[in-house]
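Here is a short briefing on one protein chain.

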Amino acid sequence: MIKATIRRVLRNAERKIIRLMDAEVFDDTLLLAIFHDTELLQRWRIYHLTRDTINTISGDV
């Protein structure tokens, strides 16, 4: 039960991170949560690295 709840919360946070990166939403609370949670921070970094890599490959830099 607890593991399922944690996974659901992380999936929800993950969706919010993607929306934040796509500039669909700005959420100070989410930003604070990202920088205070090692797993969310790692996901944030991976998303940025992925986006930067795709932009470099496609020439959008």
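In what order do the elements of the protein chain run from the N terminus on? They run α-α-α. This is a predicted model, where local features need pLDDT of at least 70, side-chain atom pairs count only at pLDDT 80 or more, and totals for chains, interfaces and linings use all residues. Residues are numbered from 1 along each chain as its sequence is written, and side-chain values use heavy atoms, with hydrogens and water left out.

**Fold**
- The protein chain has three helices and zero strands. Helices (H or I, at least four residues) and strands (E, at least two) are DSSP runs, numbered from the N terminus.
- Take the contacts (heavy atoms within 4.5 Å) with a separation of 6 or more: 39% of them join residues 24 or more positions apart.

**Surface**
- Of the 61 residues, 16% are buried. Buried means under 20% relative accessible area, exposed over 50%, and partly exposed in between (1.4 Å probe, protein chains only).
- The accessible surface comes to about 4900 Å² (Shrake-Rupley method, 1.4 Å probe), and carbon and sulfur atoms hold 60% of that surface.

**Salt bridges**
- Side chains of opposite charge can pair when their charged atoms come close.
- The count is two salt bridges. Each needs a side-chain nitrogen of Lys or Arg within 4 Å of a carboxyl oxygen of Asp or Glu.
- Arg43 pairs with Glu39, with the closest N and O atoms 3.0 Å apart. Both lie in helix α3 (residues 38-58), four residues apart, about one turn of the helix.
- Arg43 is partly exposed at 23%, and Glu39 is partly exposed at 37%.
- Arg51 pairs with Asp52, with the closest N and O atoms 3.4 Å apart.
- Arg51 is partly exposed at 33%, and Asp52 is partly exposed at 38%.
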